[in-house]
Amino acid sequence: MSLGPGLRYLPAVASLKLDIEACTGCGTCVEVCPHAVFDISDRKASIKDLDACMECGACSRNCPARALAVSAGVGCAQAIFNSMLTGGPPDCGCGSDQGSSCCS
Amino acid sequence: MIEPVLTAPPPTGWDALRGVLSRWGLGRNRYRVKPGLYGLGSPGPDAPVLVTANYKLSFDAVRRAMAGRDLWLLVLDTVGINVWCAAGKGTFGTDELVIRVRSVGLGDKVRHRVLILPQLGAVGVAGFEVAKRTGFKVVYGPVRVEALPAFLDRGMKALPEMRRVAFPLSERLMLAPLEFLQALRYFAVFLGLAAVWTLGRGGSASDLASAAWPLLGSVVAGTVVVPGLLPWVPFRSFALKGWLVGLAWAGFVCWAKPAGLRMAGGQLLLLPAVSAFLALNFTGASTFTSQNGVNREIGLFARPMAASALAGAVLLILHGVRR
Ligand code: SF4
Ligand code: SF4
């Protein structure tokens, strides 16, 4: 594991879905995923490590065949608390560029 | 109108210092460079085009990594936010990239048709759409800018490890001071209330200190110990990690300063809950937590945490009143 042992998040929560019919095996998802979630064999992608998915949305945004779906968002408790208070979408304070949060 | 090619003075030591300060939320908040096309070295029509954010630190990191090479640097307007964060917000996005490619007249500056983006930019940019709209093919470079020279030298092929996001100790410890400083704001409020309460009832400054240090410790547990020891603290849930370290701390407090059952109960209920909450907040700084995962944690633990903290606070106040 690239993150090293111990740096794994909750199992069986990621919302990532692959439509294997639509997949053309182009390999873009393998390229953009920062957590090595995908594998390609026989010109089809497969999800080999779902629990590593951080729901960043890079794969679904870049899949030319639109074969991937994920509810992309920030894995950031403060953002989610804020959105509960304001009713808006979860948005981390990193807009103020403090380097903290979802994004440093 | 085609915008002119921009130049920027070389980064100085002062820039680096301001960068560190801005990362910690000190000094000027947004630290930007002008968006547009920059030439590093003396790029010709075959020089590669790298794309980055107009956050000064990102910009300087690319310049530092690519020192001595000739290339084009296309800087998008992300309102001074780094690539990953801006991509999440959509400012480092398809539309901005397309507009910028056109406004700088990139098609006339270079003969090739390739844009090299940081891999994490893929969160906001749809490469195939950029290709459709501009004729430029998007190639995603490595996650870390330090690997860029190797990526280019290998003919724009990334090794698998260049594609992975890591979260090493050094990075976690870089973030810990910020987490701690942010939590200190809440602690300051507590200290103010506790001071009014203690001194108002004829207590001394040392009474105040003895009320404050256990809580300060639980803040350190949640903002420094958990981030630092992240892989080694049991549980995957950040809240549970924080709770466990906080519980160990509360146990230590009770052992070091025994003061009756009510006091012990109060500490054991309040301190771990505070650490748990702060550790949960560290999900925002981590590089591998998902929104659904954090939602799950909040659903499971927010209420028990709040109830435990409240019960603990009540017990501690009772202890204070009855003394
Ligand atoms: S990007 Fe889409 S089409 Fe390409 S391999 Fe991945 S899932 Fe299949
Ligand atoms: S959402 Fe992000 S982390 Fe999850 S599979 Fe897609 S690219 Fe990888």
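**A chat about chains A and B**

Modeller: Let's start at one spot: setting aside neighbours within four places in sequence, Ala12(A) is in contact with Asp51(A) and Arg296(B). Keep in mind that this is a predicted model.

Colleague: OK, and where is Ala12(A) placed in chain A?

Modeller: Ala12(A) sits in the segment before strand 1 (17-18) of chain A.

Colleague: Is Ala12(A) buried or exposed?

Modeller: Exposed, because its relative accessibility is 60% and the cut-off for that is over 50%.

Colleague: What separates the C-alpha atoms of Ala12(A) and Asp51(A)?

Modeller: 6.0 Å, although the two residues are 39 apart along the chain.

Colleague: Let's zoom out. How many helices and strands does chain A have?

Modeller: Three helices and four strands. Going along the sequence, they come in the order β-α-β-β-α-β-α.

Colleague: How much of chain A counts as buried?

Modeller: 52% of its 104 residues. As for its surface, chain A exposes about 4600 Å², and 54% of that comes from carbon and sulfur atoms.

Colleague: Now the ligands. Which residues are closest to ligand 1?

Modeller: Cys23(A), Cys26(A), Gly27(A), Cys29(A) and Cys63(A), out of 13 residues that surround it. By class, that shell has nine nonpolar, four polar and no charged residues.

Colleague: Take two of those cysteines. Is Cys63(A) buried or exposed?

Modeller: Cys63(A) is buried, because its relative accessible area is 9% and the limit is under 20%. Cys26(A) has a relative accessible area of 45%, so it counts as partly exposed.

Colleague: With cysteines around, how many disulfides are there over all chains?

Modeller: Zero, counting over all chains. For background, a disulfide is a covalent bond between the sulfur atoms of two cysteines.

Colleague: And which residues surround ligand 2?

Modeller: Among them are the cysteines Cys33(A), Cys53(A), Cys56(A) and Cys59(A). Leu16(A), Pro34(A), Val37(A), Phe38(A), Met54(A), Glu55(A) and Gly57(A) are also there. The shell around ligand 2 divides into nine nonpolar residues, one polar and one charged.

Colleague: Switching to chain B: how is it divided?

Modeller: Into domain 1, residues 13-165, and domain 2, residues 170-322. Taken over C-alpha atoms, the centres of these two domains of chain B are separated by 40 Å.

Colleague: Why is helix 2 of chain B described as largely enclosed?

Modeller: Because seven of its 10 residues (the helix covers residues 56-65) are buried. Those are Lys56(B), Ser58(B), Phe59(B), Asp60(B), Ala61(B), Val62(B) and Arg63(B).

Colleague: One more residue. Where is Val294(B) found?

Modeller: In helix 12 of chain B, which covers residues 291-322. Val294(B) counts as buried, because its relative accessibility is 0%.

Colleague: What is Val294(B) in contact with?

Modeller: Leaving out neighbours within four places in sequence, residues from both chains. From chain A, Val294(B) is in contact with Tyr9(A), Gly75(A), Cys76(A), Ala77(A) and Ile80(A). From chain B, the partners are Thr283(B) and Thr289(B).

Note on methods:
Residues numbered from 1 in each chain as written. Chains lettered and ligands numbered in written order. Predicted model: local features only at pLDDT ≥ 70, side-chain atom pairs only at ≥ 80, totals over all residues. Heavy atoms only, no water. Domains from an automatic or database assignment. Near = heavy atom within 4 Å. Nonpolar A, V, L, I, M, F, W, Y, C, P; charged D, E, K, R; others polar. Helix = DSSP H or I, 4+ residues; strand = E, 2+ residues; numbered from the N terminus. Buried < 20%, exposed > 50% of the residue type's maximum accessible area, 1.4 Å probe, protein only. Areas by Shrake-Rupley, 256 points an atom, 1.4 Å probe, with all protein chains shown as cover. Disulfide = S-S within 2.5 Å. Contact = heavy atoms within 4.5 Å.
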